[in-house]
Amino acid sequence: MSLRDTVKATIIDMARRRGYDLTPEWKLANRPLVRHLKALFECYRVDCVFDVGGNRGQYHDMIREDVGFPGPIVTFEPVRRYASVLAARATRDPHWEICGYALGQTPGFAEIHVTRSPGLNSFLVPRHDVVEGFWSRDSVLGKEVVEIRTLDTVFPELEARLGFQHPYLKLDTQGFDLQVLQGGLEAFRSVVGYQTEASIRAIYEGMPDYLDTIRFGNERGFALSGMFPVTLDGAMRLVEFDCVFVNSERR
């Protein structure tokens, strides 16, 4: 450990001993979600996290570093450039598994829109007429054919191999979340909670709105546990937010 890291660790330790939590400014926006997940993971004894739509591993980092979850994380990322980055990163975390394919309602292959912003890759076509200035003309770099499997297909093997009993499911597939859940209705019953993006103003063609998203969980026995803003437009109007649900039958 370098001198700089040693000094940093010492300062953080001293602050915590006195009841303070030092958080970098760039992490402040996620602070409410982090605190919520800490409490939820403890309450529901979460022992595995399914990270659907891994991108460059931001969610993994938050769960490890901020939430403090030490158990297995299974990340699904179909875009090759990001799956390769994740696979390289996972060599430093023995409890992190990378699956280089997408999850959806039916197995097969489909084109995904690869965007300039790595967090906006989607099977759906971007809409330019809803949120002014959200997309630029060169936002989409191209398309890539990727494999799609279903959660119900992959879940039993992972459950048998990893031995989890209280899994948590995170979805961030840019308008495709309900498709993922439709392909995993059997596995869905086993998760103690899940996190999904809900859309107030559609930034993709055909994406469900927030009422459909909330209704889907409620109709299957999941109760809304928290809501956390993700994107706002230039006038501070909400575009998307994260919904966290808990399984009323798994407590």
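Tutor: Let's begin with the lining of the largest pocket in this predicted model: its residues divide into 23 nonpolar, 13 polar and eleven charged.

Student: Which residues are closest to the centre of the largest pocket?

Tutor: Gln-58, Tyr-59, Asp-172, Glu-197 and Val-230 are the closest, out of 47 residues that line the largest pocket. The space in the largest pocket is about 1,200 Å³.

Student: Which element supplies the largest share of the lining of the largest pocket?

Tutor: Helix H3 does, with six residues. Elements that each supply at least two residues include H2, strand S7 (167-171) and strand S9 (222-232).

Student: Why are H2 and H3 called roughly perpendicular to each other?

Tutor: Helix H2 (residues 31-43) and helix H3 (residues 58-67) pack at an angle of about 70 degrees. Angles of 65 to 115 degrees count as roughly perpendicular, and therefore H2 and H3 get that description. Their axes are 10 Å apart.

Student: Which residues of H2 meet residues of H3?

Tutor: On the H2 side they are Leu-33, Val-34, Leu-37, Lys-38 and Phe-41, and on the H3 side Tyr-59, Met-62, Ile-63, Asp-66 and Val-67. By class, this contact has eight nonpolar, no polar and two charged residues.

Student: What makes the pair Arg-161 and Glu-97 a salt bridge?

Tutor: The side chains of Arg-161 and Glu-97 meet at 2.7 Å, N to O. The cut-off is a side-chain nitrogen of Lys or Arg within 4 Å of a carboxyl oxygen of Asp or Glu, and the pair Arg-161 and Glu-97 is a salt bridge. A search of the whole structure finds 14 salt bridges.

Student: Why does the pair of Arg-161 and Glu-97 tie together parts that are apart in sequence?

Tutor: Arg-161 lies in helix H5 (residues 151-162) and Glu-97 in strand S3 (residues 96-99), so the parts that the pair ties together are 64 residues apart in sequence.

Student: And how many cavities of 30 Å³ or more does the structure hold?

Tutor: The structure holds one. The largest cavity has a volume of about 70 Å³, and its lining includes Gln-174, Phe-176, Glu-197, Met-207 and Glu-240.

Student: Which element gives the most to the lining of the largest cavity?

Tutor: Strand S8 does, with three residues. The lining of the largest cavity divides into four nonpolar, five polar and three charged residues.

Notes: Residues numbered from 1 in each chain as written. Predicted model: local features only at pLDDT ≥ 70, side-chain atom pairs only at ≥ 80, totals over all residues. Heavy atoms only, no water. Axes fitted to C-alpha atoms, helices over the stretch in contact; angles between N-to-C directions. Helix = DSSP H or I, 4+ residues; strand = E, 2+ residues; numbered from the N terminus. Parallel < 35°, antiparallel > 145°, perpendicular 65-115°, else oblique. Contact = heavy atoms within 4.5 Å. Nonpolar A, V, L, I, M, F, W, Y, C, P; charged D, E, K, R; others polar. 1 Å grid on protein atoms, 1.4 Å probe; cavity = no way out; pocket = protein on both sides within 12 Å on 5 of 7 lines; lining within 4 Å. Points joined across faces, edges and corners; volume = space filled by probe spheres on them.
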